[in-house]
Amino acid sequence: MIETPTARLAFEDFGPAIPPRPAFGRWLAGTIAGWTAFVAFLLFISWLLLAIAALFARLGPIGAAVGNIVGLILILVMVTATLLTMADRKWSALMQDRVGPNRARLSIIPGLRNRPLKGIPHVLADVLKMLFKEDFIPEGAMNNKVLFNLAPLLAFAPAFMLFAIVPVSPEVTFLGQRIQLQVARVDWGILYVFALASLAVFATALAGWTSDNKLALLGGLRASAQLISYEVTLGLTLVGAFIAFGTLRLEEMARLQGMLGPALRSAVVLAARAGDFLVRDDSVLFGWLPSWGFVYQPIGMILFLVAAQAEIKRAPFDTPEGESEIIGYFLEYSGLKSGLFLIAEYAETVVVAGIVTTIFLGGYHLPFIEPTVVRHFDFAWLSVFQVFAFIVKMLFIIWVMFVVRWAFPRFRYDQIMRLGWKMMLPISLFNVALTAGIFLWAGREGLAWMGGIEWLAIIAFVALSARAPRAEEAPHASH
Amino acid sequence: MTKVFVDGREVEADPRDNLIEAARRIGVAIPYFCYHPRLSIAGQCRMCLVETSDAPGRLVPGCQVRVKEGMKVVTSSPAVRDNQRGCMEFHLINHPVDCAICDQSGECKLQDYYMEFDHQPSRIRTSKLNKPKREIFGPLVVYDAERCIMCTRCVRFMDEIAQEPQLAVVDRGSHSLISTFPGQPLDSKYSGNTVDICPVGALLNRDFRFQSRVWFVEKSPAVCTGCANGCNVYLESRGNLIYRLLPRRNEEVNQVWMCDEGRLTHHETNEKRVEQGDLARAIELLRPIAGKPGIGISLSAQCTNEEAAAAFDFGARIGAEKYFFTARLDGDGDDFLIRQDKNPNRRGVELAARAAGVTLHDSVEGIKALVAFRTDGLLLEKPLEVFIAIAQNQGIEGQVTLPCQSVYEQDGSVINYYGRLQRTWPGVPAERGESAPAWSWAERILAGLGIAGAPRSAAAAFDLLGLPGLKLEAIPEEGVVLEQLLPAQWPKRAPRPAGAAR
Amino acid sequence: MPRTDLSPGERLYLREAVRGMGVLARHFWKNLFGFRDPAPEVMERKGRGVNLVSTINYPEERKEYPPGYRGMHRLVPRLDGKPRCVACYMCATACPAQCIYIEAGEYEEEAIEKYPVRFEIDELRCIVCGFCVEACPKDAIRMDTGTHAPAVLSRPLAVFDKESLLRGPAVEHSTDVLTYRVPLKTPPR
């Protein structure tokens with residue numbers, strides 16, 4: 001009886017190696033329950049936003065504005081941005097087959113001891129960390145303490161102010177009040193976005209310069225150059241949308257992408273008589289295509305997404321920050337100020353997603369089924385579903401931006417400049433000229449045709465573009 | 001000289017050489033277990049069989065056959081190799097192969113020769129013969145019959161060198177084993193040498209048994225401090241411990257043997273040592289009386305020459321009135337390697353005293369303060385006002401006791417009973433506490449008192465001995481005979497310098 | 001290696017970029033709905049509602065060690081509970097980190113004379129090379145515990161003595177001295 005020195009102790013001590021796979025029925029029930037709860041939660045949030053606005057609207061016009069600020073800025077954008085800090089990590093974990101952060105616990109609550117709660121407590125932990133970390137100001141920054149402290153505010157505040165012109169619902173009578181989920185309805189609409197977005201340059205430049213740190217200064221310079229470069233493209237890509245919709249006002253653009261009030265009412269009547277499936281939706285192009293912005297402006301939408309990604313300094317355009325290697329403009333910030341820079345980035349993501357939703361994805365509009373919804377519920381409930389639709393579309397755009405973030409490696413600075421000035425700017429200029437020409441020649445119908453052709457062309461171009469060359473055969477393969 | 005050819009190479013051999021010694025002259029190693037150059041020839045192990053031109057086709061034992069003019073010797077022919085392999089297999093038939101617990105492993109001839117000549121798994125399928133293990137032969141020797149290969153080196157040593165035939169071979173064939181006579185232990189004073197000459201792990205030193213493995217200890221040369229004979233030894237030490245003493249060959253002092261008493265002298269270095277000393281307090285005590293009458297210096301015959309010279313130098317600089325000489329009591333001696341005088345350096349201290357021009361007194365009296373350079377044999381009849389001891393071992397404590405390095409730990413020289421000046425080297429790798437040579441303490445005390453010029457190294461202290469033409473570093477490893485110290489009478493069998501009167 | 005010259009179409013990497021996003025999206029949705037292969041090497045899944053991502057949440061979940069994994073040492077006991085070790089110092093000799101300290105002693109009445117009075121391993125110095133196991137002629141030290149050396153609060157606590165190392169199942173080989181030799185009655189000293 002001679003045993004091998006490698007005993008099987010460890011194998012005998014612990015039970016079966018392969019855990020049982022959860023039963024399919026249980027999995028299905030859990031999945032359905034989870035998604036139902038998620039949808040119900042979003043619907044509740046939608047109702048809550050409208051209810052808050054209606055409640056404040058009882059206090060008069062100023063009250064209505066305050067209600068929208070509370071509902072949209074403080075609740076929608078702020079909470080979403082906060083949750084995005086977590087979603088960024090969790091979603092990237094899902095994309096990369098990882099688990100993601102799950103170590104924080106709410107152990108002080110009796111029932112939650114040792115429960116990961118899908119990592120949600122990390123949000124709280126991050127906030128607490130930011131709050132309680134030492135707010136260190138480097139010696140060199142003491143000379144410009146005011147400007148040094150101003151920089152994170154300049155990064156943070158515009159991000160939230162941008163959302164003021166985004167319409168989340170149409171004008172609707174809700175709980176007896178005539179409201180619209182939009183903080184400010186201004187004639188110059190999208191120009192307000194451009195104006196405020198430019199302020200971010202001041203934040204980066206100030207942060208880089210007042211830090212009295214050469215690396216931060218270089219980061220600030222990179223950021224300033226990048227932001228100014230891409231603002232040009234950002235503006236030009238939307239010019240096509242202005243031409244298509246003929247307005248600068250975002251709420252007008254959103255309205256134009258679905259059925260307008262009178263048409264909707266007549267459609268409801270028709271649906272009541274002829275049945276839900278025979279409703280004629282006069283906003284639908286060719287009988288089947290929702291007349292949303294992406295139909296008219298494919299190139300504009302794609303370029304806007306790219307330019308916006310660069311504008312909010314998210315990967316792959318994150319050379320200004322480059323947390324891990326090249327170090328960015330907020331190198332010398334710590335504690336809550338650093339947190340402001342970080343949360344501003346996520347808030348900007350939400351805002352960009354909101355703007356893209358409004359201009360290119362039909363805003364709050366539900367496709368095809370709006371008359372049906374009104375027939376079975378009423379206009380107030382339609383607005384709830386529309387807010388829900390807006391949030392879902394916004395989340396989808398955010399998700400796309402995150403996928404882009406994790407799919408692409410960081411661009412080098414010269415590549416960013418080349419892409420911005422040599423590729424995106426000419427293409428967006430070409431897009432403006434083409435859109436203007438087509439619009440003059442054939443109107444919006446012609447723009448829809450053009451958009452369709454452009455989509456096909458883009459798909460064909462991507463499909464037919466060269467594959468990446470395969471890695472060469474390793475030399476040791478032949479021996 | 002006789003000319004022989006070993007493996008085709010010409011060798012100028014002594015006519016008294018056997019074939020093993022002749023081959024050794026050109027670096028050809030004929031393996032052997034039982035042969036020992038200083039013992040009679042037994043021809044027991046058959047390992048040294050070689051082919052010669054005198055007996056073609058036969059193998060002859062290399063240990064027993066003397067060289068002859070023109071003889072041709074072949075030490076690695078197939079027949080010789082085959083015999084060596086067969087011999088090894090035979091020796092290992094009943095060997096327990098318990099190298100894991102055997103102290104000999106690492107210096108075992110069976111291990112070496114197995115790797116060189118046998119190197120094959122055992123073909124024996126029957127169980128091995130069980131014989132007595134760890135039989136206590138005597139105070140220093142333990143015997144394991146299973147490991148024994150019956151080379152009878154130990155028996156011959158006890159007969160011929162120790163001349164106390166206490167061991168014998170009993171029983172026959174594979175049951176034979178070495179034994180003492182009933183009721184009579186192996187209590188010879190030279191019994192330890194049987195351990196040294198045992199080629200395998202059959203005889204082991206009980207003092208060293210299981211203390212360390214032989215590859216952990218480092219060998220360094222030294223001179224035994226057990227008695228005035230000054231046997232040359234190797235220290236085997238690791239850290240700050242000496243694990244055993246082995247004889248070092250010196251034909252004119254101890255040949256290749258040493259006595260059991262000497263083998264145990266390292267315990268003084270390992271145990272009961274003074275480790276810390278308060279030098280500042282010693283200086284404080286001496287400061288008020290330095291240069292005034294009433295100071296005595298005592299020094300022991302255990303001091304090296306350097307320590308003795310430094311002691312007299314210290315006394316001269318501090319103004320000592322009297323010098324005292326202490327020594328360990330005489331013990332048993334014999335006419336071979338053991339001297340009655342149990343101090344390693346009595347002659348050296350006397351030489352240093354003559355060089356310093358001082359008189360040595362025996363009993364300590366007539367002084368108020370005493371600085372003792374080593375305290376062996378020091379007797380104080382009444383307490384002194386100031387007593388500073390530079391001591392190696394605990395026992396005699398002064399008002400201040402400064403730790404002294406043992407002779408095995410320091411660089412220096414000693415002079416044996418017939419005037420042989422021999423160097424001893426530091427042989428312990430790690431330091432023990434604050435211990436330092438006595439000359440170093442003397443120099444530091446003097447420096448603390450503001451007196452400069454004392455010797456700062458062993459070499460400088462050696463120069464105070466006034467031996468013209470000799471430097472400490474220049475003493476050869478085998479020592480130098482100081483002709484002026486040679487005695488008139490010699491112990492009968494003791495090795496002595498070549499040319500000394502017999 | 002020479003740089004590949006890319007055509008302008010290749011340099012766009014457009015198709016690959018879109019494919020990359022597709023891969024991410026596929027993984028995202030697949031993982032979101034839990035359609036994942038379970039990690040077969042995970043020994044136990046703790047807690048409810050864990051997904052099947054192959055990530056191992058270490059303190060709660062553990063991975064099965066491969067056979068031959070070198071864990072913490074143990075001194076193998078004999079059938080009578082004493083260590084098989086005979087204090088031959090082979091492990092201490094082979095150890096490149098010199099983390100094994102042995103003091104040998106002698107049994108009064110036993111066929112095997114030598115045993116370790118002290119056998120200490122400094123698990124902080126140990127580099128887990130397994131040379132000691134290789135060197136042992138008596139199969140007396142093994143690294144088959146399947147555990148790590150535990151974390152300790154002070155360095156001396158990482159030195160494991162004979163009593164704490166002596167654990168695990170006893171082992172006896174047919175070649176062991178104890179199986180064929182009667183105990184010796186000779187007192188050692």
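Visitor: How many bridges join E3(B) to strand E5 of chain B, and do they run parallel or antiparallel?
Guide: This is a predicted model. In it, E3(B) is joined to strand E5 (residues 72–74) of chain B by 2 bridges, and the strands run antiparallel. Within this pairing, Glu51(B) stands opposite Val74(B) in E5(B).

Visitor: Which sense does the pairing of E3(B) with strand E4 of chain B take?
Guide: E3(B) pairs with strand E4 (residues 60–61) of chain B in the antiparallel sense, over 2 bridges. The bridge partner of Val50(B) in E4(B) is Val60(B).

Visitor: Are the faces of strand E3 of chain B covered or uncovered?
Guide: Both faces of strand E3 (residues 49–52) are covered. Leu49(B) and Glu51(B) lie on one side, Val50(B) and Thr52(B) lie on the other, and all of these residues are buried.

Visitor: Let us turn to the open sheet in chain B. What is the order of its strands?
Guide: The order is E16-E15-E14-E17-E18-E19, which makes 6 strands, and the pairing is parallel.

Visitor: Which strands stand at the edges?
Guide: Those are strand E16 (360–361) and strand E19 (400–403) of chain B. Each has a single partner strand, so one side of each has no neighbour in the sheet. For E16(B), 2 bridges join it to strand E15 (residues 322–326) of chain B, in a parallel run. There, Phe324(B) has His361(B) of E16(B) as its bridge partner.

Visitor: Which strands does H9(B) touch when it packs on the sheet?
Guide: H9(B) touches strand E14 (295–300), E15 and strand E17 (369–373) of chain B. The direction of H9(B) makes about 180° with that of E14(B).

Visitor: Where does Ile367(B) lie?
Guide: Ile367(B) lies in the loop between E16 and E17 of chain B.

Visitor: Why does Ile367(B) count as buried?
Guide: Ile367(B) counts as buried because it has 20 C-beta neighbours inside 10 Å. Leaving aside neighbours within four places in sequence, its contacts are Gly294(B), Ile295(B), Gly296(B), Glu321(B) and Lys322(B). Val386(B) is 19 residues from Ile367(B) in sequence, and the C-alpha to C-alpha separation of the two is 9.8 Å.

Visitor: Next, the largest nonpolar core. Which residues touch the most other members?
Guide: They are Tyr32(B), Ala311(B), Ala438(B) and Ala442(B), in a core of 135 residues. Helix H9 (residues 305–318) of chain B gives the largest share of this core, with 7 residues. Apart from this core lies another, of 128 residues, which includes Leu72(A), Val172(A), Ala310(A) and Met394(A).

Visitor: What is Ala438(B) in contact with, leaving aside its neighbours within four places in sequence?
Guide: Ala438(B) is in contact with several residues, among them Cys303(B), Glu307(B), Ala310(B), Ala311(B) and Phe373(B).

Visitor: And chain A: how many helices and strands are there?
Guide: Chain A has 15 helices and 4 strands. Buried residues make up 43% of its 479 residues.

Visitor: At what angle do helix H3 of chain A and helix H2 of chain C cross?
Guide: The axes of helix H3 (residues 61–95) of chain A and helix H2 (residues 14–32) of chain C cross at roughly 100° and come within 7 Å. From H3(A), the contact is made by Trp91(A), Leu94(A) and Met95(A). H2(C) contributes Leu24(C), His27(C), Phe28(C), Asn31(C) and Leu32(C). The residues of this contact divide into 6 nonpolar, 2 polar and no charged.

Technical notes: Residues numbered from 1 in each chain as written. Chains lettered and ligands numbered in written order. Predicted model: local features only at pLDDT ≥ 70, side-chain atom pairs only at ≥ 80, totals over all residues. Core = buried A, V, L, I, M, F, W, Y, C linked by C-beta atoms within 7 Å. Buried ≥ 20, exposed ≤ 12 C-beta atoms within 10 Å, placed from the backbone. Contact = placed C-beta atoms within 7 Å. Axes fitted to C-alpha atoms, helices over the stretch in contact; angles between N-to-C directions. Nonpolar A, V, L, I, M, F, W, Y, C, P; charged D, E, K, R; others polar. Pairing = 2+ DSSP bridges.
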